[in-house]
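This briefing is intended for a reader who has the sequence and the coordinates at hand.

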Amino acid sequence: MHVIIAPDCFTGTLTATQAAEAIAEGWRRKAPDDLLSVVPLSDGGPGFLDVLTTSVPGDSSVVTVAGPRGAAVPAALHITADEGGRRTAWVESAQAIGLHLLEVPERDPGLTSTWGLGELLEAALALDVDRIVVGLGGSSTNDAGAGMLAALGAGPRDVLAGGGAGLIATREGDLAGLAAARERFAGVELVAATDVASPLLGLQGASAIFSEQKGATPEQSQVLEGALGHFADQVRRVLPPGTDLLSGRERRLDKEPGAGAAGGVGFGLMLLGARRASGVEIVLEAVGMSRLVAAADLVITGEGSLDWQSLQGKVVAGVAELAAAHATPAVALAGQVLIGRRESMALGLSGAYAVADREEDVEAAMADPVGTLRARAERVAVTWSPRR
Ligand SMILES: O=C(O)[C@H](O)CO
């Protein structure tokens, strides 16, 4: 039996590679004759570059940029060339602005800035590439990408790069350099590979859905919503919205799917001319997942928490959809499974197995994530492998 092991990271405990290896080790203990292919995945968030550098040959280099609260952090660029010679720079926003870069007391999406991501894009531009793909997700910021735009010359650092809350003070004149910043990407295909399809504002937007997990109180979350709304209004004065060719209606970038990814970096990138793509689809294509799944008997995917967010185009959903298209069964292993059987079946999963079945098991799973995931994989192998 040929089994593909293709999980996302288990946020807070295991990288995608560590999770895949733990599952493979457990599987081998019970089904040593199975052929295992280990393919760690990402949805654009943390681990995006790791996954790409492992699967797509290219040249990697590291630059130093400002982290979300200003302290210097290393961030990598991976340069690949396709058969036609087109050069792509792959970057991961979480390496510059990720939540994991900050200790809990430092987390404050009113103050964290995407300036360092702008520095990373500056480094990519200097490499004279034809395409820049930016993985988005797992961020500590909620500034609509304003800091990033400032670093690229769109406006003053003190107004745009002080964090999301300060954007309430933005004036039209503070965005005088925006058109010129956009012009710098002329001739470069800029792609925002987003982990979610959220718009910038509103009940499904960046502040309402994600700011609290970055340290905001419910009151701060509303303040951030107001600040980002004000910022988007100022942007509209400088870059008037285009017209949607199909509907003839005004095309508002803040309402575009993915504009709210990484605290609104999706929006900031769209202002620079980026097109949005699903991060998981980009990764699945880059690693040649379709071909692998077509030749496999079973696909195992997984993530830290299988919950409502998993239903929205994350790794598990992307893998399950691809497996269904090839009529290959897919199962998921997760730290916790917080969706019902009906929802997991609707995703296309033939099984969803939790490492921590009960609330009281969560602590043990967090204390020994590799051991508990390996043990769960052993039990799943007993169920699924015919040659154990
Ligand atoms: O970084 C974030 O805000 C979330 O992962 C959604 O993109």
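The points below are grouped by topic. The model is predicted.

**Aromatic pairs**

- A pair of aromatic rings is described by the distance of the centres and the angle of the planes.
- In the pair of F48 and W90, the ring centres are 6.3 Å apart and the planes stand at 55°, so the arrangement is tilted.
- F48 is buried, its relative accessible area being 0%. W90 also counts as buried, at 5% relative accessibility.
- F231 and F267 form an edge-to-face aromatic pair, with 6.5 Å from centre to centre and 80° between the planes. The angle falls in the edge-to-face class because that class takes planes over 60 degrees apart.
- F231 is located in helix 9 (residues 218-238), while F267 is located in helix 10 (residues 261-271); the pair therefore ties together parts that are 36 residues apart in sequence.
- The relative accessible area of F231 is 0%, and this residue is buried. F267 is buried as well, with a value of 2%.

**A charge over a ring**

- R157 lies over the face of W115, and the distance from the ring centre is 3.7 Å.

**Ligand site**

- The residues that surround the ligand are G137, G138, S139, D195, V196, F210, K214, A261, A262 and G263.
- Helix 10 makes the greatest contribution to this shell, giving three residues.
- A polar backbone atom of S139 is 2.8 Å from an oxygen atom of the ligand, and a polar backbone atom of A262 is 2.9 Å from an oxygen atom of the ligand. For G263, a backbone N or O atom lies 3.3 Å from an oxygen atom of the ligand.

**S385**

- S385 is found in the segment after helix 16 (369-384).
- With a relative accessibility of 1%, S385 counts as buried, because the limit for that class is under 20%.
- The side chains of S385 and D34 are joined by a polar contact of 2.7 Å.
- When neighbours within four places in sequence are set aside, S385 is in contact with M1, W27, A31 and D34.

**E212**

- E212 occupies the loop between helix 8 (206-210) and helix 9.
- The relative accessible area of E212 is 42%, and the residue is partly exposed. This class applies because the value lies between the limits of 20% and 50%.
- Apart from its neighbours within four places in sequence, E212 is in contact with T217, P218 and S221.
- E212 and D108 are 104 residues apart along the chain, and their C-alpha atoms are separated by 9.2 Å.

Terms used. Residues numbered from 1 in each chain as written. Predicted model: local features only at pLDDT ≥ 70, side-chain atom pairs only at ≥ 80, totals over all residues. Heavy atoms only, no water. Phe/Tyr/Trp six-rings, centres within 6.5 Å; stacked < 30°, edge-to-face > 60°. Buried < 20%, exposed > 50% of the residue type's maximum accessible area, 1.4 Å probe, protein only. Helix = DSSP H or I, 4+ residues; strand = E, 2+ residues; numbered from the N terminus. Lys NZ or Arg CZ within 6 Å of the ring centre and 35° of its normal. Polar contact = N/O pair within 3.5 Å; in protein donor to acceptor, adjacent residues only side chain to side chain. Contact = heavy atoms within 4.5 Å. Near = heavy atom within 4 Å.
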